[in-house]
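I opened the notebook to look up a few local features of this model. The entries below follow the order in which I checked them.

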Amino acid sequence: MDELVKKWDEILNYLKNEYAITDVSYDSWLKPLELFQIEDNKLYITYNGDQNSMTLGYVTRKFTTPLKITIEELTGIHFDEILVISQENANKLKQEKNLDYLNINIEETTNYEERRIGNSSINPKFTFENFVVGRNNRFAQTAALAVAESPGEFYNPLYIYGGPGLGKTHLMQAIGNYIEKQNPNTHILYVTSEEFTNEVIENMRTNNNATAMQRFRDKYRTVDVLMVDDIQFIIGKEATQEEFFHTFNALHAMGKQIVISSDKPPKDMETLDDRFKSRFDMGLMADIGYPDYETRMAILNKKIEEKNFTLDESIRKYIAENIQSNIREIEGALNKLIAFSRLEKIEITMEIAERELQNFISPNISREITPQLIIEVVAEHFNITVDQMASKNRSSSVVRPRQIAMYLCNTMTDSSLQAIGLLLGGRDHSTIIHGANKIEEEIDKDENTKNLVETIKKKINPN
Ligand code: ADP
Ligand code: MG
C-alpha cells in the first residue's frame with residue numbers, strides 16, 4: 001500500500017497521458033479518486049467527486065481496467081479487481097470493518113451491468129435472433145449455431161471468413177451470447193486479434209517476464225470458448241503468431257471450442273504458416289458472401305424495426321439497391337437518415353435521402369477524397385474515434401492507424417504536410433513524413449500491410 005500511496009499521483013498522471021484523457025475528464029473522474037484499502041488482493045478506491053446514480057458505475061467501467069494495467073506497469077503489483085466505492089461506504093466500512101456489508105452496498109450504489117466480468121467481452125447486441133439469414137450467409141449461420149449448441153464437440157475450430165461488414169463479428173458474438181444464455185458458467189473469451197497482439201507485446205515488455213507470461217497463459221488457456229476476430233492481422237507477426245499457435249493447440253487438445261474469423265480463407269493467406277493451415281483444416285470453414293437484394297432489404301428492414309424508425313418503401317429500395325457489398329454501410333446510411341430526421345424533426349423524403357447519402361452511394365459523382373474523409377474511414381476501420389487519431393495517445397492500437405492515415409493522406413490527396421498534421425492533432429510535417437514513410441516501407445516488405453492498406457483504400461474510394 002505504501003508504494004501505491006507514494007506513486008498515486010504518478011499513476012494518475014501516467015494514465016492521463018497514456019490514455020489521452022482530457023483535462024475535464026481527468027478533473028471529474030480521476031482526480032477525485034483516493035486509495036482506500038487492499039483486501040483479498042482487491043484494491044478499494046474511493047470516489048470523492050460529485051455523486052449521482054451513474055458516477056460510481058461510470059468510473060468503474062471506464063477506468064478500472066486502465067488503472068489496473070497502469071498500476072501493474074508502474075509498480076509491478078497485480079490486483080485481481082479494483083473496486084470504486086463512495087466515501088460514505090468507505091466511512092461505514094472503517095467503522096464496521098465488515099466486507100459483506102460493503103459488497104451489498106456496492107451492488108446497490110453502482111449500476112454497472114458488467115458485473116459478469118468473465119464474459120464481458122460479449123456484446124448482447126448481436127444475437128442469432130437479429131441475424132438475418134440469406135443465401136450468402138446461411139451456411140455460416142448454421143455452422144455458428146451448431147457450434148453454439150455444442151461447443152467443442154463437432155466443428156473445431158470454426159473458421160468464418162468474408163469481406164468487411166458482412167456479419168462475421170455479429171455471428172461470433174451471437175455464438176457467445178447463445179452459449180452464455182444456455183450455460184452462464186461457460187467461460188467465453190472474445191478478442192480482436194489486435195487485442196491479442198497487444199497483450200503479447202505488452203507481456204514481452206514487462207520486466208517480470210515469467211509471471212506476466214504465466215498470467216497471459218492462465219487467461220487464455222483456461223477458457224471454454226476462445227474467439228479471435230480478424231485473425232489476418234496476427235499472421236505475419238512472429239511472436240504473436242507463435243503464441244497463438246500454442247494457445248490454439250492447448251485449447252484444442254482439451255476439447256475447448258475455438259472460433260476464428262478472417263477476411264479470406266487460409267489457403268489465400270500467403271504468409272500463413274502451414275502449421276496453421278493444417279490446424280484450421282481439422283475444423284469447419286464457412287464463408288459469408290455478398291448479400292443479394294432480398295437479403296439486403298430484409299436486413300435493412302430489421303434494423304429499421306430495431307431502431308423504431310419509419311422509412312418509406314421507395315427510400316428503402318433506394319438504399320438496398322445501391323449499397324451492395326457491405327452491411328455496415330447500409331446501417332451507416334440508415335443511421336445518417338435517422339440522425340438527420342431527429343435533428344431536423346422532419347420525415348425523410350427521397351430528395352433528402354439522395355442528398356444525405358451521396359457519400360454512401362454516389363453512383364456517378366465520385367466523392368471528393370479529403371484528408372478528413374481518410375481519417376474518418378481509417379478510424380472507422382480500426383474501430384477507434386477520430387479524436388483518438390488526433391490525440392497524443394501512443395499505444396500501438398492508435399499509432400498504427402494514425403500512421404496509415406498519414407500515408408494515405410499523403411498519397412491520395414494534394415494536401416500539404418502541414419494541413420495533414422493539423423488535422424492529426426497539430427503534428428509537424430516531419431512527423432507526417434516519418435509516419436507515411438514507415439507505412440510505405442512496410443507495404444513493400446509485408447503482404448499483410450499491403451492488403452490492409454488496399455482494403456482501406458477501397459473503403460475510401462470504392463470506384
Ligand atoms: P464483419 O465483422 O464481417 O466486418 P460485422 O459483423 O461487424 O461485420 O457486421 C457489420 C454490421 O452489419 C453489424 O452491425 C451487423 O449487425 C450487421 N449485419 C451483418 N450481417 C447481418 C445480418 N445477416 N443480419 C443482421 N445484421 C447484420
Ligand atoms: Mg468484424
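This is a predicted model: local features need pLDDT of at least 70, side-chain atom pairs count only at pLDDT 80 or more; totals for chains, interfaces and linings use all residues.

Which backbone nitrogen does the side chain of Thr 75 reach at 3.1 Å? I found that it is the backbone nitrogen of Ile 77. I take a polar contact as a pair of N or O atoms within 3.5 Å; within protein, one must be able to donate a hydrogen and the other to accept it, and residues adjacent in sequence count only if both atoms are side-chain atoms.

Residues are numbered from 1 along each chain as its sequence is written, chains are lettered from A and ligands numbered from 1 in the order in which they are written, and side-chain values use heavy atoms, with hydrogens and water left out.

**Thr 75.** I placed Thr 75 in helix α3 (residues 55–75); helices (H or I, at least four residues) and strands (E, at least two) are DSSP runs, numbered from the N terminus. The side chain of Thr 75 also reaches the backbone oxygen of Ile 71, at 2.6 Å. I list Thr 75 as buried because its relative accessibility is 15%; buried means under 20% relative accessible area, exposed over 50%, and partly exposed in between (1.4 Å probe, protein chains only). Not counting residues up to four places away in sequence, Thr 75 touches Glu 3, Leu 4, Lys 7 and Ile 11; contact means heavy atoms within 4.5 Å.

**Ser 391.** I looked up Ser 391 next and found it in the loop between α18 (386–390) and α19 (396–412). Ser 391 is buried, with a relative accessible area of 13%. A polar atom of its side chain lies 2.7 Å from the backbone oxygen of Gln 388 and 3.1 Å from the backbone nitrogen of Asn 393. Leaving aside neighbours within four places in sequence, I noted Ala 20, Arg 402 and Arg 427 in contact with Ser 391.

**Cores.** I then checked the nonpolar cores, each a set of buried Ala, Val, Leu, Ile, Met, Phe, Trp, Tyr and Cys residues joined through side-chain atoms within 4.5 Å. The largest has 46 residues, and Leu 158, Ile 175, Met 227, Leu 311, Ile 319 and Ile 348 have the most contacts inside it. Helix α14 (residues 327–344) gives the largest share of this core, 7 residues. Apart from this core lies another, of 28 residues, including Ala 379, Met 389, Leu 452 and Val 453. Beyond four places in sequence, the contacts of Leu 158 include Ala 143, Val 147, Ile 175, Ile 260 and Leu 284.

**Backbone.** Most residues other than glycine have a negative phi, and most peptide bonds are trans. I logged a cis peptide bond between Asn 156 and Pro 157, with omega about 0 degrees. Pro 157 sits in the loop between α6 (138–149) and β4 (158–162). Asp 40, not a glycine, has a positive phi of about 55 degrees. I found Asp 40 in the loop between β1 (33–39) and β2 (42–47), and it counts as exposed at 60% relative accessibility. Asn 308 is also not a glycine and has a positive phi of about 55 degrees. Its place is the loop between α12 (293–306) and α13 (313–322), where Asn 308 is exposed, with a relative accessible area of 67%.
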